[in-house]
Amino acid sequence: MNFGKNDNVAILKKMTLKKVVNLLRLLLSFYVSKWKKESRLKGMPFALSIEPTTACNLACPECPSGLKQFSRPTGNLKQGVNKKIIDELSPYLSYINFYFQGEPFIHPNFLEMINYAASKNIYTATSTNAHFLTKEMADKTVESGLNRLIISIDGTTQEVYEQYRVNGNLEKVIAGTKNIIASKRKLKSKTPHVIFQFLVVRPNEHQIGEAKELAKELGVNEIKFKTAQVYDFENGNPLIPQNEYYSRYKKQKDGTYKIKNGLLNHCWRMWSSAVITWDGSVVPCCFDKDAKHKLGNMAFQSFSSVWKNKDYNGFRNMILTDRNNIDICKNCTEGSSVYSN
């Protein structure tokens, strides 16, 4: 979770005394756990990622959703499960990202889920490829109470854009962006805070300057340049950018690549947040895209029973003692995003 200054201010406004106390308990238990090398947990998560759907209209490389490579089935989150999650956790939650895999706006009741969370005083965010942001949908999005909208725009020309966003239409992305900006003006709303997210890969890295100009021209609030995760990086990959500043990977003297970040035996996310998939499964974090590490299920369990169960604490203990041998951690590069206003 990477927040800008405006996000932090907005999230702080959602904080109550109970939420502040909960966050302090999480922080204390995290640092005690690091010190003891054993999981100690007090408090409930202050942030969640909730997956509305695994369906997607694009076929992006390196994305298991777009490539239809999941071993788990495609489906839509049931509103009853969403309501159950929020009802139980709203006293503690300050932030929900309604996105994991898939395109959220494909879910027919997506904005109703956003609205319910917003009504519980929770900061809401999502990420979209913007192909479904018609004028009508843009109005509904602004009215839903959504706080932050990330729009993926990985090129400034169709030829470059479609090299990563396979089956995508750049004109639709630009039109959808214009619709959101126009709806905010029409409805006199400061939200959602609109961010262009530019995933830097070798085919588009020469358009970084043009992307900044396009963001300024369209009037989005900010542009964010994100490093790309690739699964087969050790021997190089045609998606790894030549400009190492925008790469998660560093080329070594023998020509192979390694991940830049050192893998330390701790992870704040295991104490601060969780990810819930469309079928209610609780998984540790957003790197578990195929939900291999299921720790419980919100469709028939309470979150508190999952959050503190033997499997979850066992996973936290592995993070604290042997993180290098956890499959989903091996490509983790928390903090590897570059922001530009």
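Are F233 and Y249 buried or exposed? I looked both up: F233 is buried, and Y249 is buried too. I use buried for under 20% relative accessible area, exposed for over 50%, and partly exposed for in between, with a 1.4 Å probe and protein chains only.

Before going on, I note that this is a predicted model, where local features need pLDDT of at least 70, side-chain atom pairs count only at pLDDT 80 or more, and totals for chains, interfaces and linings use all residues. Residues are numbered from 1 along each chain as its sequence is written, and side-chain values use heavy atoms, with hydrogens and water left out.

**Aromatic pairs**

I searched the whole structure and got 12 aromatic pairs. Rings of Phe, Tyr and Trp (its six-membered ring) pair if their centres lie within 6.5 Å; planes under 30 degrees apart are stacked, over 60 edge-to-face, and the rest tilted. F225 and Y246 make an edge-to-face pair, because their planes stand at 65 degrees, with the ring centres 6.1 Å apart. F225 is in strand β6 (residues 222-227) and Y246 in the loop between β6 and β7 (249-251), so this pair ties together parts 21 residues apart in sequence. Helices (H or I, at least four residues) and strands (E, at least two) are DSSP runs, numbered from the N terminus. F225 counts as buried at 1% relative accessibility, and Y246 does at 12%.

Back to F233 and Y249: their rings are stacked, 4.5 Å centre to centre with 20 degrees between the planes. This pair also links distant parts of the chain, with F233 in the loop between β6 and β7 and Y249 in strand β7, 16 residues apart.

I also found a cluster in which ring pairs link F30, Y31, F46, W268 and W271.

**Charges over rings**

My cut-off here is NZ of Lys or CZ of Arg within 6 Å of the ring centre and within 35 degrees of the ring normal. K36 has its charged end over the ring of W35, 4.6 Å from the centre. R316 lies over the face of W307, 4.5 Å from the ring centre.

**Helix α2**

I checked the length of α2 (residues 17-36): at 1.5 Å a residue, its 20 residues should span 28 Å, and its end C-alpha atoms are 28 Å apart, which agrees. The expected span is 1.5 Å times one less than the number of residues. Which residues of α2 are buried? They are K19, N22, L26, S29, F30 and S33. Down the helix axis they fall within an arc of 105 degrees, so they line one face of α2; the arc is that of the directions from the axis to the C-beta atoms. The face turned away from that buried side carries exposed L17, L24, L28, Y31 and W35. The buried residues of α2 pack against α9 (269-272), α10 (303-307) and α11 (310-322), where contact means heavy atoms within 4.5 Å. K37 follows α2 and has a positive phi, near 60 degrees.

Most residues other than glycine have a negative phi, and most peptide bonds are trans. I noted the T191 to P192 bond as cis, with omega near 5 degrees. P192 is in the loop between α7 (170-186) and β5 (193-200). K188 is found in the loop between α7 and β5; its phi is positive, near 50 degrees, and K188 counts as exposed at 79% relative accessibility.
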